Amino acid sequence: MSQVEKKAGLLRRTSSSKKPLKEKVVLMYDEIFAKEDPAKNNPRFWDELFLMKVNLEYLESKLESVNGEEVQRIQDNINSLFHHCVQALGEEHQIKVVNALQTLCALFRGVHQKNKSASGFDIINMLMGFDKAEQRMKDLMERLDSLLCGDSSESLKSLCLKLLLCLVTVTDNISQNTILEYVMINSIFEAILQILSDPSSRGQHGYDAVVLLALLVNYRKYESVNPYIVKLSIVDDEPTLDGMGVVLQQALTEYNRQYKDKEEENQGGFFSTLTSMVGSMFIADADEKLSVQTNEAILLALYEAVHLNRNFITVLAQSHPEIDIVVTPTTPTPTTPTTPLGTTPPSLDVMNNPELPLDPNLQTSNLLITFLKYASIVMQDTKDEHRLNSARLCLIILTCIAEDQYADAFLHDDNINFRVSLHKMPMRHRKKTPAKNIPSRPLVCAVLDLMVEFIVTHMMKDFPMDLYLRCVQIIHKLLCYQKKCRIRLHYTWRELWSALINLLKFLLSNETTLLAKHNIFHLVLMVVNLFNMFITYGDTFLPTSNSYDELYYEIVRMHQVFDNLYCMVLRVSTNAGQWKEAASKVTHSLVNIRAIVNHFNPKIESYAAVNHISQLSEEQVLEVVRSNYDTLTLKLQDGLDQFERYSEQPKEAAFFKELVRSISLNVRKNVSLNSLSQDVLLKEFSTIS
């Protein structure tokens with residue numbers, strides 16, 4: 001039996017000599033794939049077809065099995081099927097509309113699957129006829145818009161969005177999907193916004209709506225004017241932007257909750273006992289299983305909103321009581337290996353429940369806090385390309401936030417404090433901080449904590465250079481804002497200084513290995529210039545004069561690292577080679593750090609000799625530092641508080657192209673149009689007044 005026949009719903013088997021009977025709808029599909037016009041002998045053919053339950057599998061496989069010559073022969077019938085599908089979307093009979101939507105999806109998928117190498121124009125011609133394509137797509141988009149914005153059933157709206165997601169993701173590279181030109185001309189942007197602005201509609205369809213919007217924004221974004229980019233950048237309607245924020249936050253919160261549940265699961269029972277007996281040697285493996293695939297589609301939607309729309313920044317900061325989403329365990333959904341953690345939308349219980357039970361003792365939260373917690377999970381494990389890309393996107397989003405004046409003002413506002421419990425990688429030498437012990441501080445402290453955590457935990461053989469550069473840039477941008485606005489942030493700066501010095505130490509120890517793959521001098525220069533920022537401008541933004549003294553103490557205490565660094569860059573810069581110029585820049589940037597070391601070290605040694613002390617305490621060293629500032633001479637370095645603003649094109653274009661391809665494949669795999677059975681639909685439609 002052929003593959004196509006296998007998929008043709010077989011009714012029954014009689015004797016072995018007789019062929020199995022086919023469903024009526026399958027026989028009708030066969031008529032469409034014959035040369036004759038199916039309506040020639042049966043004028044009611046198309047009316048009857050859309051009353052039949054769609055056999056998606058058979059129709060798609062039929063389209064895929066058609067060869068080049070047959071395409072020419074049956075093209076008129078395929079064009080006619082497409083035309084009648086669009087017509088049926090205007091029917092009052094709801095079952096017809098559902099069947100037309102499902103049939104359209106099979107048409108889009110089947111034709112693209114068969115003709116992967118064909119040009120977009122050939123595909124358009126096969127589906128609807130090139131001469132009529134503009135009108136057909138105009139009619140289709142208008143009818144979908146009408147269904148999404150009207151008082152259609154929720155199931156119909158859901159199917160409309162699923163069809164659009166199916167259409168947008170039929171090609172691996174979204175920008176090669178020529179049909180989307182018609183989706184650009186006949187925009188459904190307003191329909192998407194309407195879904196997001198209405199709490200009820202948003203609860204049902206918000207997830208699909210934001211993913212669809214994120215994908216449409218990425219259609220040929222560098223090649224032509226994309227109306228979805230233009231429109232998204234100027235949205236200023238508060239309920240709509242808030243609605244988008246709610247959808248994004250619920251999706252991220254759900255992922256955070258799932259992760260936390262799995263983490264607690266792994267920490268209980270025998271596993272916990274075993275690790276406490278033999279140390280933490282298994283923790284890394286356990287954690288790797290926890291930090292499975294992230295939800296890149298939601299991250300992309302958040303990025304586009306933050307990057308394109310200045311007004312969306314206010315949504316990040318909007319506070320509300322913090323909720324741990326509790327899903328009622330009425331009908332547990334089985335998890336399967338094909339659906340990684342976080343790639344599916346939150347359950348409808350979550351999306352439909354804007355007023356979940358709240359504990360009055362809980363603190364407030366916002367989208368930014370939820371995102372920081374989410375980032376702290378996905379940034380833990382960057383061992384494979386997929387996870388590396390998720391971490392990269394998180395850091396790009398934080399870069400955009402760190403550059404925005406309004407976001408910076410909110411991050412540093414001393415009157416708005418939050419207790420942010422970030423996820424940290426289990427490590428042998430440190431204990432987990434209980435959430436209740438975390439202090440309530442301005443949000444910028446959580447951002448800095450996240451950066452410090454990444455710096456400390458990713459010094460490894462397969463060094464993620466790109467992520468380190470982004471981390472240091474984010475810290476630099478935040479310091480520039482603090483210096484500019486003279487904000488004295490009460491933060492444990494020592495942890496940052498210690499992390500940065502250890503990073504320099506790691507780069508020095510692995511110089512040969514790392515230089516084979518990376519220009520480490522660029523990162524070294526950025527790190528040294530962070531210290532130069534503190535040395536030159538620290539008195540304007542460090543919280544107390546004591547903090548400034550502690551900075552000098554750390555530099556003097558760890559002088560061996562800076563001495564070794566100077567020797568290394570001097571050696572490289574005096575030899576002819578590809579890193580000569582890069583190393584030379586670092587040599588010049590070390591001038592003040594070396595001046596500090598060379599000025600204070602003799603003073604400390606002299607103090608120890610005079611007082612007959614073999615090892616000075618921290619307080620004694622600080623006393624020497626304080627009493628010898630006057631004779632220290634430093635050079636003023638220019639440009640320390642300047643930075644290059646983030647620009648997606650051209651630097652990040654290749655990254656986003658691959659990211660959107662990956663998201664598109666994932667969405668295509670997970671879009672299910674079979675999720676609604678005829679029985680469910682009939683029951684729903686019978687209750688519609």
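I began with burial: 53% of the 689 residues in the chain are buried, where buried means under 20% relative accessible area, exposed over 50% and partly exposed in between (1.4 Å probe, protein chains only). The model is predicted, so I kept in mind that local features need pLDDT of at least 70, that side-chain atom pairs count only at pLDDT 80 or more, and that totals for chains, interfaces and linings use all residues. Residues are numbered from 1 along each chain as its sequence is written, and side-chain values use heavy atoms, with hydrogens and water left out.

**Entry: the whole chain**

I looked up the secondary structure. The chain has 34 helices and four strands. These are DSSP runs, helices being H or I with at least four residues and strands E with at least two, numbered from the N terminus. I then checked contacts, meaning heavy atoms within 4.5 Å. Of the contacts with a separation of 6 or more, 79% join residues 24 or more positions apart.

**Entry: H27 and its partners**

I took helix H27 (residues 520-541) with helix H28 (residues 545-557). Their axes come within 10 Å and cross at roughly 150°. Axes here are lines fitted to C-alpha atoms, for helices over the stretch in contact, and angles run from 0 to 180 degrees between N-to-C directions. H27 and H28 are therefore roughly antiparallel. The classes I used: under 35 degrees is roughly parallel, over 145 roughly antiparallel, 65 to 115 roughly perpendicular, and the rest oblique. The crossing of H27 and H28 is left-handed; that is, the near helix is turned anticlockwise from the far one by less than a right angle, clockwise being right-handed.

I listed the contact residues. H27 gives Phe531, Phe534, Ile535, Gly538 and Asp539, and H28 gives Tyr548, Leu551, Tyr552 and Ile555. They divide into seven nonpolar, one polar and one charged. For these classes, Ala, Val, Leu, Ile, Met, Phe, Trp, Tyr, Cys and Pro count as nonpolar, Asp, Glu, Lys and Arg as charged, and the others, Gly among them, as polar.

Next I took helix H24 (residues 465-485) against H27. The two pack at about 15°, with their axes 10 Å apart. That makes H24 roughly parallel to H27. This crossing is left-handed. Among the H24 residues in the contact are Tyr468, Val472 and Leu479; the H27 residues include Leu523, Met526 and Phe534. By class, the contact of H24 with H27 has 16 nonpolar, five polar and one charged residues.

**Entry: cysteines**

How many disulfides does a search of the whole structure find? I got zero, with a disulfide taken as a pair of cysteine sulfur atoms within 2.5 Å. Cysteine 166 is buried at 3% relative accessibility. Cysteine 149 is partly exposed at 28%.

I placed glutamine 75 in helix H5 (residues 68-88). At 14% relative accessibility, glutamine 75 is buried. Leaving aside neighbours within four places in sequence, glutamine 75 contacts Asn125 and Met126.

Aspartate 237 sits in the loop between helix H13 (227-234) and helix H14 (238-267). Aspartate 237 is partly exposed, at 37%. From aspartate 237 to asparagine 311 I read 9.0 Å, C-alpha to C-alpha, across 74 residues of sequence.

Proline 442 lies in strand S4 (residues 441-442). At 8% relative accessibility, proline 442 is buried. Its C-alpha is 5.6 Å from that of histidine 412, 30 residues apart along the chain. Beyond four places in sequence, the contacts of proline 442 include His412, Ile416 and Leu489.
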